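Q: I would like to learn how to read a few features of a structure, going from a whole chain down to single residues. Could we begin once the structure is in view?

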Amino acid sequence: MRVTFTANGKPVEADDVWEGESLLYVLRERVGLPGSKNACEQGECGSCTVYLDGVPVCSCLVAAGQVQDREVRTVEGLSDEQGELGLVQQAFVDAGAVQCGFCTPGLLVQTDALLAKDAQPSDNDIREALSGNLCRCTGYEKIMDAVRLASARTCERATSE
Amino acid sequence: MSTRTIQGQKNLQNINQASKDGIGGSPLRPDGNLKVKGEFAYSSDLWHEDMLWGMALRSPHPRANILSVDIADALKVPGVYAVLTHEDIPGTKYYGLEIQDQPALAIDKVRYHGEAIALVAADHPETARRAVKKIKVEYEVLTPITTEEQCLDPETHGYVHEPHEFKSHGYGNICHEQKLVSGLGVTDEVRALADVIVKGSYEVGMQDQAFLGPESGLAVPAEDGGIDLYIATQWLHVDRQQMAPVLALPEEKVRLTLAGVGGAFGGREDISMQIHACLLAQHTGKPVKIVYARDESFYGHVHRHPARMTYEHGATRDGKLVFADCRIVLDGGAYASASPAVVGNAASLGHGPYVIPNVKMHAIALYSNNPSCGAMRGFGAVQAAFGYETQMDRLAAELGMDPVELRQLNAMSEGDFMPTGQQIDSPAPVAELLRRVKDMPLPPPLDTEHLDVRQLPGALSNTSHGEGIVRGVGYSVGIKNVGFSEGFDDYSTARVRLEVIGGEPVAMVHTAMAEVGQGGVTVHAQIARTELGVEQVTIHPANTEVGSAGSTSASRQTYMTGGAVKLAAEAVKQALIEKGRRRYGWTQHDLTLTGGKVVSPSTGALVSMVDLLGDEAIDLTREHHHRPTVPFDKETGQGFGHVQYTFCANRAVVDVDIELGLVKVVELTAVQDVGKALNPLSVVGQIQGGCTQALGLAVMEEIIVKDGKVRNASFTDYLIPTILDTPPIPVEILELPDPHAPYGLRGVGEAPTVSATPSIVAAIRNATGLALNRIPVRPEHLTTEAPGPK
Ligand code: FES
Ligand code: FES
């Protein structure tokens with residue numbers, strides 16, 4: 001089948017998609033957006049998290065056919081047109097929250113969604129929001145730092161505007 | 001001595017400050033931007049026009065004879081390009097890290113659940129999956145050899161490898177063994193010298209590295225008949241060394257380039273899909289990509305050895321250790337992998353960082369029909385630490401002493417001897433680490449007034465509102481070796497090039513080091529900046545065009561490859577200065593490179609590097625070897641076997657719901673001596689990550705193997721800590737330079753994984769009064785076990 005949807009604001013289409021393919025597979029293998037990662041493909045690790053119509057989902061659990069005419073935003077869409085890092089991305093780099101980085105794309109999307117809802121989450125809020133995203137390298141401390149930093153910068157930006 | 005305290009909250013202020021980018025600073029990762037943009041190419045992201053997907057058929061049985069393999073139906077599936085069995089292997093059929101006992105594809109028998117039997121290459125992963133299902137294998141299923149008792153009685157239960165089949169270091173189903181005796185050993189006379197004796201039996205479950213990036217890579221057949229493999233691995237050169245004979249190619253025709261690695265922790269030290277992808281590419285003449293699914297990843301790599309241990313410690317009334325007797329049995333599974341070296345580590349480090357006058361040890365690794373075990377962070381030292389640290393707590397209880405004091409009283413320090421007879425010739429601040437970890441402020445008690453259930457054991461499941469929750473505190477300390485031991489010539493190679501690009505002096509660093517997330521690439525740039533006084537450093541992709549870097553394991557890469565980068569950069573510096581001497585006739589002996597200039601401390605800047613270099617590049621390669629070690633004597637375990645030791649102390653605070661058996665680690669504190677922190681941000685990140693894997697082993701992580709079959713090959717059933725399970729991990733680092741190491745540094749990554757587990761279990765014991773002799777501690781242990789110590 002053919003699947004047509006919007007990825008990071010641009011229309012994309014994929015041909016010869018087998019019905020069993022996931023959105024993750026289509027993004028990674030068919031439309032050239034390998035940023036979302038394939039760590040479990042069972043909805044357990046969160047590495048494949050993308051926005052689907054503004055809501056973070058595990059793209060490995062979304063059947064390709066389900067995204068017809070819908071809007072997907074991936075980690076690649078968190079930077080601006082010029083490739084400048086988004087605020088959450090920058091915070092992860094600055095805080096040393098990236099080691100192997102395989103968990104990072106999913107965590108970035110989930111954090112972005114968290115801060116959009118609540119710019120000043122408590123530590124418990126952060127832990128709850130990110131509890132579906134496994135990271136094997138960092139011990140999460142620096143991820144907590146990154147989210148707190150992103151939160152601080154989001155608030156700074158809000159007051160300066 | 002300097003120390004730093006870096007805690008979550010404080011870190012936030014430091015982050016915004018500019019740091020200097022040489023060693024001791026914390027510049028940001030050179031690959032960080034790519035990684036957060038999703039543009040960093042991991043091995044599973046690779047793509048090639050016209051590429052095929054490879055997949056393996058794996059055995060459902062842990063032990064069986066293969067009577068026949070019929071690939072005819074699989075070959076008929078449209079879109080299938082090749083179906084291969086061991087008969088299609090052009091070269092030698094066996095490989096292995098230390099013992100070549102593992103067939104690249106099963107030959108006539110399978111020895112573990114998940115062993116690869118045949119391979120398929122197809123145009124779509126689903127096509128490959130369907131074709132794999134159509135391969136018909138006829139088995140004669142045999143009773144697997146899975147327990148210690150069965151393994152040690154081959155006459156009754158059989159051999160995992162028939163005696164004529166393999167070149168094991170041991171005999172029967174013993175893959176390797178190491179004994180150790182020091183002082184008077186442990187005899188009845190020695191026992192009589194102790195006032196108090198404690199004995200215990202301990203068990204450690206099978207832990208998995210569970211890196212997130214699945215095993216994957218892309219093999220591309222080359223025009224010269226060779227092959228190019230883009231691969232996530234820990235050691236490019238040792239992969240190639242094992243691959244080339246199987247592919248019947250000379251080593252120079254097997255070219256490996258490191259593709260992005262999503263974590264490793266020892267699980268990529270062995271070959272997984274490397275040979276398979278290359279065989280398929282050779283046969284089809286097309287690029288072949290293999291990406292393991294998560295269950296296949298659990299089958300496809302070696303795990304941490306599960307262990308059964310008995311310990312006996314004797315001490316005087318005032319707490320001085322008199323003797324220790326220990327037996328460690330590691331289940332190595334079907335193939336040797338790194339088992340011999342793991343045994344060496346368990347035997348030599350198995351008594352912990354303590355001075356014990358009389359010691360006996362017997363460590364063995366078994367062949368069994370369980371999954372193969374090999375390298376994992378902590379490498380043989382982890383299992384033992386659970387044993388000896390539990391013993392320390394028991395001994396303290398028996399003597400009515402404070403457990404930290406008992407440890408400090410017996411702690412080794414510089415100048416003391418290991419049970420192997422090796423004198424510790426660099427700082428060993430064991431007592432100091434314990435003092436500091438004890439002095440760190442404790443977290444506040446549970447605030448029952450303003451309770452947020454998310455802080456409690458059971459957390460989001462809302463299982464408690466504070467009732468039945470008991471808090472406990474536990475301590476531990478551990479010892480780990482750095483680098484490869486027992487006479488292995490463990491070296492690394494680095495190439496450094498200095499040239500002028502765009503009017504700036506630029507250094508390029510080229511090594512074959514596998515960056516698996518640890519941050520070696522950051523540190524290499526820091527070293528080049530420091531030695532060459534330049535700002536711009538580029539890191540060349542890691543590949544086999546430069547000499548071996550050795551493995552990214554054993555906490556050795558900063559020491560070894562960092563050391564090689566330092567040597568190469570120093571050589572470049574000398575060559576540049578020499579050039580200046582020839583041109584300008586400088587006579588000073590104290591010239592350095594700083595800020596892009598050749599500088600004399602006495603007379604100031606002499607010339608800019610840009611002018612001195614002109615359009616010439618200086619490009620030099622150096623190898624770094626560490627000081628030699630020797631193999632341990634087989635019977636006595638004596639010998640200068642390890643290059644360097646590293647120590648970490650921990651304190652764990654836990655809350656336990658004693659009704660439901662749920663545990664929440666409230667805080668896990670670490671104090672570690674790192675010799676010199678080349679990059680404090682990365683060092684702390686390594687320690688926190690290491691502590692978290694230790695937490696996993698303490699309370700949740702285990703591959704459940706029943707009758708040789710893996711029961712939980714998924715992230716649904718094999719649990720690793722989430723951000724909710726992981727507490728704040730305050731870290732304090734000491735920097736006591738090791739005179740033998742580059743910059744005085746000490747390997748960092750593994751020590752916390754060794755030491756942190758026992759502190760968590762000790763804290764749970766402290767909260768519950770239970771014996772807890774097995775890890776991971778699971779809810780059923782907390783609700784049904786007897787109080788200890790028994
Ligand atoms: S890959 Fe989708 S949740 Fe793990
Ligand atoms: S950084 Fe490696 S999994 Fe998170």
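Q: How much of the contact in chain A joins residues at least 24 apart in sequence?
A: A contact means heavy atoms within 4.5 Å. In chain A, among contacts between residues at least 6 apart in sequence, 54% join residues at least 24 apart. Please keep in mind that this is a predicted model, in which local features need pLDDT of at least 70 and side-chain atom pairs count only at pLDDT 80 or more, while totals for chains, interfaces and linings use all residues. Residues are numbered from 1 along each chain as its sequence is written, chains are lettered from A and ligands numbered from 1 in the order in which they are written, and side-chain values use heavy atoms, with hydrogens and water left out.

Q: What does the radius of gyration say about chain A?
A: The radius is taken over C-alpha atoms, and the globule rule is 2.2 Å times the number of residues to the power 0.38. For the 161 residues of chain A, a compact globule would have a radius near 15 Å, and the value of 16 Å agrees with this. The C-alpha atoms fill a box of roughly 45 × 35 × 25 Å, taken along the principal axes.

Q: How is burial read, and is B:Ser492 buried or exposed?
A: Buried means under 20% relative accessible area and exposed over 50%, with partly exposed in between (1.4 Å probe, protein chains only). In chain A, 60% of the 161 residues count as buried. B:Ser492, placed in strand E20 (residues 491-501) of chain B, has 0% relative accessibility and therefore counts as buried.

Q: Which side chain forms a polar contact with that of B:Ser492?
A: A polar contact is a pair of N or O atoms within 3.5 Å; within protein, one must be able to donate a hydrogen and the other to accept it, and residues adjacent in sequence count only if both atoms are side-chain atoms. Here the side chains of B:Ser492 and B:Thr561 are joined by such a contact of 2.7 Å. Leaving aside neighbours within four places in sequence, the residues in contact with B:Ser492 include B:Arg556, B:Glu623 and B:His624.

Q: Where does B:Ala307 lie?
A: B:Ala307 is in strand E16 (residues 307-315) of chain B, and its relative accessible area of 2% makes it buried. Its C-alpha atom is separated by 6.7 Å from that of B:Ile328, 21 residues apart along the chain.

Conventions: Helices (H or I, at least four residues) and strands (E, at least two) are DSSP runs, numbered from the N terminus.
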